[in-house]
Amino acid sequence: MPREDYEPALSDSESQSLVPMERMHDNVEPDQHQAEEGLPEFMDEDEDLAYSAAHVTSILKPVTLTMALVVWLVRILGRNSTFAGQNPYRTWMVYKEEETDAVPEKLGGAVLNALVFVGFIMAFTCVFVLLYKFRCMKIIYGWLCMSVFVLLAGSGSVLTYTLIEHFQLPVDYYTFMFVGFNFATVGTVAIFYHAPMIVKQAYLVAASVIMAWVLTK
């Protein structure tokens with residue numbers, strides 16, 4: 001008889017002893033599958049939590065830095081500068097507050113100026129929505145690029161000049177204009193085009209600081 005065809009015979013007791021083992025294996029196997037299926041869910045929850053925490057931290061860092069820089073600028077500059085008291089938004093204000101005005105008049109004027117400001121925001125928002133609806137993306141990008149460039153070049157130059165005046169730094173006119181123009185140009189390219197993430201974040205923080213400082217004047 002060939003060896004490969006030989007199968008050892010099992011006694012009745014041995015065959016009966018194998019049945020419980022098979023049943024035990026059948027009973028354990030679903031629990032193991034459930035445990036294996038449950039592990040990725042816990043891992044996904046941990047990953048989602050870590051991802052959310054990383055996002056919150058990435059948002060808090062630039063916001064905290066922006067607030068700290070604005071407070072520092074307002075504290076050291078104050079109103080002792082050439083541009084002190086010159087509010088750039090005073091030109092379109094309907095009500096211009098004077099020291100001799102009564103309290104109700106000041107309150108009504110402030111409400112009126114706030115309504116005008118909200119109206120400007122609503123008008124620009126509607127224009128943006130219409131441009132986006134009709135797929136005028138080049139106009140939108142050009143508008144945003146021009147706004148950022150004017151903010152960095154104009155308001156940024158005013159802030160830089162104020163700092164130079166405060167710390168009495170010797171800077172000539174041509175160097176000041178050259179640095180200001182290049183700062184605005186590189187910032188616009190970095191925000192709307194390709195640039196290292198650290199450079200993009202630095203320019204976004206700088207734009208936020210400049211805008212916040214202008215609004216405090």
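Which helix holds Leu-69? Leu-69 sits in helix H1, and the views below start there, in what is a predicted model.

View 1. Six side chains to look for here are Leu-65, Leu-69, Trp-72, Phe-167, Leu-169 and Val-171, which together put about 540 Å² of accessible area on show.

**View 2. Ser-157 in helix H3.** Helix H3 covers residues 137-167, and Ser-157 is part of it. A polar atom of the Ser-157 side chain comes to 2.3 Å from the backbone oxygen of Ala-153. Leaving aside residues up to four places away in sequence, Ser-157 touches Leu-152 and Phe-176.

**View 3. Val-179 in helix H4, with Ser-157 for reference.** Val-179 belongs to helix H4, residues 173-192. With 48% relative accessibility, Val-179 counts as partly exposed. Count along the chain and Ser-157 is 22 residues from Val-179; go through space and the C-alpha to C-alpha distance is 9.3 Å.

**View 4. Helix H5 and its buried residues.** Helix H5 takes in residues 197-215, which makes 19 residues. From first C-alpha to last, H5 reaches 27 Å, close to the 27 Å expected at 1.5 Å a residue. Buried in H5 are Lys-200, Tyr-203, Val-205, Ala-207, Val-209, Ile-210, Trp-213 and Val-214. Handy when you look at such a list: an α-helix has 3.6 residues a turn, so residues three or four places apart point the same way.

Terms used. Residues numbered from 1 in each chain as written. Predicted model: local features only at pLDDT ≥ 70, side-chain atom pairs only at ≥ 80, totals over all residues. Heavy atoms only, no water. Patch = residues over 30% accessible without salt bridge, like charges linked within 9 Å, V, L, I, M, F, W, Y side chains within 5 Å. Areas by Shrake-Rupley, 256 points an atom, 1.4 Å probe, with all protein chains shown as cover. Salt bridge = Lys/Arg side-chain N within 4 Å of Asp/Glu carboxyl O. Helix = DSSP H or I, 4+ residues; strand = E, 2+ residues; numbered from the N terminus. Expected span 1.5 Å × (residues − 1). Buried < 20%, exposed > 50% of the residue type's maximum accessible area, 1.4 Å probe, protein only. Polar contact = N/O pair within 3.5 Å; in protein donor to acceptor, adjacent residues only side chain to side chain. Contact = heavy atoms within 4.5 Å.
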